[in-house]
Amino acid sequence: MNCEELFLSKFNTAPEFKSFVPYRVCTLGAHIDHQLGHINGFAIDKGMSLCYSPSDCVKLYSTNFDGEIRFNIDEELNKSFNWGDYAKSALWSLKDSGYKITTGFNGVIEGTMPVGGLSSSAGVTILYINAFCRLNNITLSENELIEIAHKAENKFIGLKCGKLDQSCEVLCKKDNMLHIDTLDSSAENITIPQKARPFEIGVFFSGLEHSLVNSNYNLRTEELKYACDIISEKSGKYYGDKLRYIPYEIYAEYESALPENVKKRCVHFYSENQRAIEGTKLFKEGNIEKYGKLVTESGYSSIYNYEAGSPELIRLYEILKDTKGVYGTRFSGAGFKGCCLALVDPEYKKEIEDTVKEKYLAAFPEHKEKYTTTFCKTADGFGGII
Ligand code: GLA
């Protein structure tokens, strides 16, 4: 059942509103948004929808998860550790930002792709914020929406993420790649140059879904914070609590004071930031082949320096990088489970789909039922709330 059908069956009436938000992929800038680095991303033509009608409380169903979520607008909001927490986080964040919410909604949320790597958490949060805003006559600019959605995930859910997901899902444009310097949030949509070789975005889902709050995501951010603290202590100068504030030369001077694992995370940061800057230039020149190579290098660094991934994702990456017609590949999103993305030459789609599936399932036959391949095109982001 899609969200409209489920809405009808649960609430015995059709929904008054329906909104859609795209998923995103991040080709370069993995795990450096929380350290204020540069990122590249695309919104894709697949996403999530919310059907809803006004109500005095919030009552929700999902086409993907079981159970009913119910809470009051004026109750003290605490996590229940289920999928409904994203709706609570949206309400909490709006209130915490000073907005008065008196109307809630009956709703059904629908995701069209498996959870993990495509930023469904930021996506659903944006949809819930939008529903509250529309029903309570609140208008938000694109940047306000990004901030409120980011605060919801950071403070209420507790994932110490940067603004990559929210920014891509809101700001991306069809036929463009979004480049952001997350240090000052300056964003640029770069139109795919005419002379660029055609490409599509392949999403190869490993069969393992996940939620990032239960992964090593926050541990990595702590390791990087530790690096900042040690460098400040050893140098006798406080640079700040994000690696971007520490120039590479200063890092290099104090690198030996850091434990091996922390050093590797820093190597990932500095090299990935450089790749995102260089990649942006290559993309502007329309050099998709070289851009793709950087994406694959980024995947390598995520595995060996950042130590993200799982045996399944690492295998998928290894298979994809050696497959004809793949310009570049890496984990999508945080990449602890979930999926790999690949920039592919559309001429080879069928071959890529068949080869990768055969090789991957030979290694992990237990994921036969859940493994999927989806080819996507770029899409418009959500925009602001009007
Ligand atoms: C998740 C986070 C983002 C970003 C990516 C990794 O999607 O929510 O902020 O850090 O992982 O690049």
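Is Cys172 buried or exposed, and at what relative accessibility? At 0% relative accessibility, Cys172 counts as buried, where buried means under 20% relative accessible area, exposed means over 50% and partly exposed lies in between (1.4 Å probe, protein chains only). The model is predicted, so local features need pLDDT of at least 70 and side-chain atom pairs count only at pLDDT 80 or more, while totals for chains, interfaces and linings use all residues. Residues are numbered from 1 along each chain as its sequence is written, and side-chain values use heavy atoms, with hydrogens and water left out.

Cys172 belongs to the loop between helix 5 and strand 6 (176–181). Helices (H or I, at least four residues) and strands (E, at least two) are DSSP runs, numbered from the N terminus. Contact is taken as heavy atoms within 4.5 Å. Not counting residues up to four places away in sequence, Cys172 touches Gly41, Phe42, Ala43, Ser167, Leu178, Asn189, Ala379, Asp380 and Gly381. His38 and Cys172 are 134 residues apart in sequence, with their C-alpha atoms 15 Å apart in space.

A disulfide is a covalent bond between the sulfur atoms of two cysteines. Here the criterion is a pair of cysteine sulfur atoms within 2.5 Å, and a search of the whole structure finds zero disulfides. For Cys57, the closest cysteine sulfur is that of Cys51, and at 18 Å this is too far for a bond. Cys57 is buried, with a relative accessible area of 12%. Cys340 is likewise in no disulfide, and the nearest cysteine sulfur, in Cys339, is 7.4 Å away. Cys340 counts as buried at 0% relative accessibility.

Four strands form an open sheet in the order 9-10-8-11, with antiparallel pairing; two strands pair if DSSP finds at least two bridges between them. Strand 9 (326–331) and strand 11 (372–376) stand at the edges with a single partner strand each, so one side of each is left without a neighbour in the sheet. From one strand to the next, the twist averages 20° (axes are lines fitted to C-alpha atoms, for helices over the stretch in contact, and angles run from 0 to 180 degrees between N-to-C directions).

Attention now turns to the nonpolar interior. A nonpolar core is a set of buried Ala, Val, Leu, Ile, Met, Phe, Trp, Tyr and Cys residues joined through side-chain atoms within 4.5 Å. The largest has 74 residues, of which Leu50, Leu60, Phe105, Tyr128, Ile129, Phe132 and Leu140 touch the most other members. Helix 3 (residues 120–135) gives the most to this core, with nine residues. Leaving aside residues up to four places away in sequence, Leu140 touches Leu94, Tyr99, Ile129, Cys133, Leu145, Ile148, Gly384 and Ile385. Another core, of 44 residues, lies apart from the largest one, and Ala227, Ile230, Phe269 and Tyr317 are among its members.

His31, in the loop between strand 1 (17–28) and strand 2 (38–55), is buried, with a relative accessible area of 6%. Beyond residues up to four places away in sequence, His31 touches Tyr217, His268, Tyr306, Gly333, Ala334 and Phe336. Gly158, in the loop between helix 4 (142–157) and helix 5 (164–171), is partly exposed, with a relative accessible area of 21%. Its contacts, apart from neighbours within four places in sequence, are Glu153 and Asn218.

Finally, the 26 residues of helix 8 (residues 260–285) should span 38 Å at 1.5 Å a residue, and the end C-alpha atoms are 37 Å apart, which agrees. The expected span is 1.5 Å times one less than the number of residues. Gly286 follows helix 8 and has a positive phi, near 80°.
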